[in-house]
Amino acid sequence: EAWVYIPKEEHTKRVGVILGNSFGSKDDDSVTFEILEKGVPSLYFRADNQDEHTYKFTKAAVPADTWTHVAIVYGGGTDNKQVLCYINGALKESSDVGAWYQVSDRITENLFTLAGDRRPLNTNAFRGRLGDVVAYADARTADEIAADAKNKPDTSDENLMMYFDMSTAKNASD
């Protein structure tokens with residue numbers, strides 16, 4: 001999950017990667033959390049066998065020129081096999097039942113990059129501003145997502161994998 005700000009002039013373009021470890025070695029399992037054109041949140045997976053899957057949330061688009069909390073939960077919903085997208089703490093869209101992609105346990109073994117991924121020259125660098133960026137090892141509940149959007153992320157949560165407090169960037173005037 002992350003707080004994001006997308007300038008109007010960047011909103012129609014692929015905004016970029018918030019957090020990802022994609023595009024290192026072609027033999028690596030990887031994941032990318034990003035914002036696509038028109039503010040569409042996306043979660044992309046690639047397995048070491050080159051099998052790929054992308055979840056795009058067109059009904060959960062992030063608006064331009066406003067700070068927005070976006071969270072994608074992998075492993076929620078029906079039978080814990082859906083991907084859910086929340087905007088400002090409210091569920092906006094979920095993947096179809098049966099569109100489940102089984103991710104390898106090795107997905108977090110590779111280095112992560114904040115505001116980009118591991119492509120040469122970071123060609124998908126994030127073209128907006130980031131506030132807090134958080135990753136948890138479990139599927140967050142609706143109540144946890146709402147609390148994180150209203151307050152700060154729960155840094156005492158035992159499933160916290162990474163937390164980047166970018167509050168000075170979030171409150172910057174430019």
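Modeller: The open sheet here has six strands in the order β8-β7-β6-β1-β10-β11, with antiparallel pairing. This is a predicted model, where local features need pLDDT of at least 70 and side-chain atom pairs count only at pLDDT 80 or more, while totals for chains, interfaces and linings use all residues. Residues are numbered from 1 along each chain as its sequence is written, and side-chain values use heavy atoms, with hydrogens and water left out.

Colleague: Why do β8 and β11 stand at the edges?

Modeller: β8 (90-94) and β11 (160-164) each have a single partner strand, so one side of each is left without a neighbour in the sheet.

Colleague: What makes a set of residues a nonpolar core?

Modeller: Its members are buried Ala, Val, Leu, Ile, Met, Phe, Trp, Tyr and Cys residues joined through side-chain atoms within 4.5 Å, where buried means under 20% relative accessible area with a 1.4 Å probe, protein chains only. The largest such core has 29 residues, and Val4, Ile18 and Phe45 have the most contacts inside it. Strands β1, β2 (16-20), β3 (30-35), β4 (41-46), β6, β7 and β10 each supply at least two of its residues. Apart from it lies another core, of five residues, including Tyr86 and Ile145.

Note on methods:
Pairing = 2+ DSSP bridges. Helix = DSSP H or I, 4+ residues; strand = E, 2+ residues; numbered from the N terminus. Buried < 20%, exposed > 50% of the residue type's maximum accessible area, 1.4 Å probe, protein only.
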